[in-house]
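Thanks for taking a look at this one with me.

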Amino acid sequence: MLGRCAARALGALRGLREGAPPARSPGPSRRLLSSEKVSDENHSLPKPCWSKDMRLLFDQFMKKCEDGSWIHLPSYEYIATQRSQDFPTFIHASELINKEKLSQGRLFTKSFEDGLGFEYVMFYNDAEKRIVCVFQGGPHLQGMPGFFHGGAIATMIDATVGMNAIVSGGIVMTANLNIDFKRPIPLCSIVLINSQLDKIEGRKLFVSCNVQSVDKKILYTEATSLFVKLDLEKKFD
Ligand SMILES: CCCCC/C=C\C/C=C\CCCCCCCC(=O)SCCNC(=O)CCNC(=O)[C@H](O)C(C)(C)COP(=O)(O)OP(=O)(O)OC[C@H]1O[C@@H](n2cnc3c(N)ncnc32)[C@H](O)[C@@H]1OP(=O)(O)O
């Protein structure tokens, strides 16, 4: 059975999509799909730009979802601005940023054309408090020729450990992120980002992660992070 915090966070994630109907149930999605079905709405569903290997991994994880031990996490480009009152940081941002600009806000990882930037899908295991992200990076994420930019890797790590912290703790922000880049990651390869909630101390959530090749033979990156649950009474300057 899904923990209360995880259920609430998952329900909120679904309801945050621009124009999305309110989430009927905060429980996990039981809608099982395979890579043959293509959607351009929920970005964590198979798209034509996903490689065969990415689809294969998607199908393998969707199989693991069948007994409820793993949950396929949804992912959308836009966060409904009408829900922004729920988030103190957004309230502050809306005071500083032009309303029109704010309405153009889009999740950074979703700002590239299909296949050129960040293609990914995340799966959550509530019993083990971990998330696996299957990431296919596109050619526009290049740093050193032929390899991913370190900032692109950091972004995907932050997104994955961040999602783990959100599902475990609710509304959080990254306070600290330490990354060891051990091997360069070839451009356009598919990797697994394995994140794990290590401990919770009051408002602090400690999440670690590694980035591995799909065959798990190469350890590319390791990271540790600290997320802090936002104090809803506090105003940010
Ligand atoms: C449930 C609904 C979910 C809705 C989700 C909506 C959309 C989801 C869609 C996609 C999500 C994708 C995931 C993306 C993740 C990306 C996250 C980010 O990138 S966040 C952006 C980068 N981070 C920031 O800008 C944060 C800037 N910092 C701050 O705002 C603040 O410092 C703070 C982190 C909020 C903490 O400030 P606060 O005043 O609240 O706390 P304190 O300072 O009192 O600290 C509390 C506690 O933590 C310790 N702490 C704080 N910072 C650090 C640090 N850097 N290193 C070590 N320890 C730190 C501090 O010492 C206190 O500890 P203690 O209580 O023991 O004294």
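How far is the sulfur of Cys-133 from the closest cysteine sulfur, and in which residue is that sulfur?

1. The closest cysteine sulfur to that of Cys-133 is in Cys-209, 9.3 Å away, which is too far for a bond. Cys-133 is also buried, at 0% relative accessible area; buried here means under 20%, exposed over 50%, and partly exposed in between, with a 1.4 Å probe and protein chains only.

2. A word on what you are viewing: this is a predicted model, in which local features need pLDDT of at least 70 and side-chain atom pairs count only at pLDDT 80 or more, while totals for chains, interfaces and linings use all residues. Residues are numbered from 1 along each chain as its sequence is written, and side-chain values use heavy atoms, leaving out hydrogens and water.

3. Across the whole structure, a search finds zero disulfides, a disulfide being a pair of cysteine sulfur atoms within 2.5 Å.

4. For the overall layout, the chain has five helices and seven strands; these are DSSP runs numbered from the N terminus, with helices (H or I) of at least four residues and strands (E) of at least two. Along the sequence they follow the pattern α-α-β-α-α-β-β-α-β-β-β-β. The chain has 237 residues, and 47% of them count as buried.

5. What does β2 pair with? One partner is β3 (residues 130-137), in the antiparallel sense over eight bridges; strands pair if DSSP finds at least two bridges between them. Val-121 has Val-134 as its bridge partner in β3. The two strands form a hairpin with four residues between them, and Lys-129 in the turn has a positive phi of about 50 degrees.

6. Strand β1 (residues 70-73) also pairs with β2, antiparallel over four bridges. Here Trp-70 stands opposite Asn-125, and Ile-71 opposite Tyr-124. Trp-70 and His-72 point one way from β1 while Ile-71 and Leu-73 point the other way, and all are buried.
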